[in-house]
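Work through the following exercises with the sequence and the coordinates open beside you. Each task is followed by a solution that goes step by step.

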Amino acid sequence: SKKLEGKVALVTGGSRGIGAAIAKRLASDGARVAITYTKGADAAASVVKTIEGSGGKAIAIQADAVDAAAVKAAIEKVVATFGGFDVLVNNAGTAIPKKFEEATLEEPDRVININVRGTFIATQAALKHMKDGGRIVMIGSCVGERMMTPGLVAYAATKGAIKMFTQGLSREVGDRGITVNNIQPGPIDTDLNPATGEWAVPQKANTALNRYGSVDDIAALVALVAGPDSSYITGASLTVDGGTNA
Ligand code: NDP
């Protein structure tokens, strides 16, 4: 049988990019899946349609990661729709690439709000409903551990915070059999980080494999830590970066 049969998962920011791939992968492993999004209603609907087209169950909910009331309501809707809650994937995130000295204060504020505060909000709301043996998965970044290029100062700081949030939280929920892990992608071809263009050149060069990764490379590891084979992995940061940090 499928490894996530009977499980219910929520992927924040699941309408495009890495989050959409995670949602589809968890669904193909048997989970019923909810995704959140902000503006991309059509993209979110098409993820749901793809999952339903292959016999899965999915819903899309508009909920900005920084809106605590909306996120709380989204999680309640997941529980009401699917009758439980097992897996949270904190994927919603953003970057505003530019030299730190040239950024307005509002720019790092926004990055902190979505990447860190948004993760806190969803995790706290999810823990109220999550079943014992549940899974919390962060999408951090390889830059949360090692920084190779300029332009991502505030972003790297938020991903470092996510790494330590993962470690700290793992100590509080272990008695419920809940694991908390942090997947750290390297350069992955998405709207946020396209594999072509000037910005991609140093990122590609920094990998050992001399290429970008795909969204499915990340989804595969998320599926592993969301599943039954990883019950002794917790508090870990697992890097999928083509050797960027090697
Ligand atoms: P994309 O920008 O391609 O996709 C972002 C997704 O998140 C969309 O579905 C978007 O939906 C949603 N989203 C954005 N802001 C919010 C918000 N405030 N609340 C809810 N949903 C939101 O990003 P990626 O797929 O590239 O990145 C996903 C995660 O992976 C992020 O945490 C990022 O930091 C991390 N990451 C990405 C890497 C890469 O190279 N791509 C490398 C390392 C980490 P909508 O359009 O509707 O808002």
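Two strands pair if DSSP finds at least two bridges between them, and helices (H or I, at least four residues) and strands (E, at least two) are DSSP runs, numbered from the N terminus. The structure is a predicted model, in which local features need pLDDT of at least 70 and side-chain atom pairs count only at pLDDT 80 or more, while totals for chains, interfaces and linings use all residues. Residues are numbered from 1 along each chain as its sequence is written.

**Exercise 1.** Determine in which sense E2 and E3 pair, and over how many bridges.

Solution. Finally, follow the chain from E2 through helix H2 (residues 41–53) to E3, a β-α-β crossover that is right-handed (with the strands pointing away from the viewer, the path from the first strand over the helix to the second runs clockwise).

**Exercise 2.** Find which residues touch the most other members of the largest nonpolar core.

Solution. A nonpolar core is a set of buried Ala, Val, Leu, Ile, Met, Phe, Trp, Tyr and Cys residues joined through C-beta atoms within 7 Å; a residue is buried if 20 or more other C-beta atoms lie within 10 Å of its own, exposed if 12 or fewer, and partly exposed in between, with C-beta atoms placed from the backbone. The largest such core has 69 residues, and those touching the most other members are Ala 9, Ile 22, Ala 23, Leu 26, Val 33, Ile 218 and Val 222. Helix H7 (residues 215–226) gives the most to this core, with eight residues.

**Exercise 3.** Classify Gly 160 and Arg 171 as buried, partly exposed or exposed.

Solution. Gly 160 is found in helix H5 (residues 153–173), and it is partly exposed because it has 18 C-beta neighbours inside 10 Å. Arg 171 is also found in helix H5, but with 11 other C-beta atoms within 10 Å, Arg 171 is exposed. As a distance check, the C-alpha atoms of Arg 171 and Tyr 155, which are 16 residues apart in sequence, are 25 Å apart in space, whereas those of Gly 160 and Pro 108, 52 residues apart along the chain, are separated by 14 Å.
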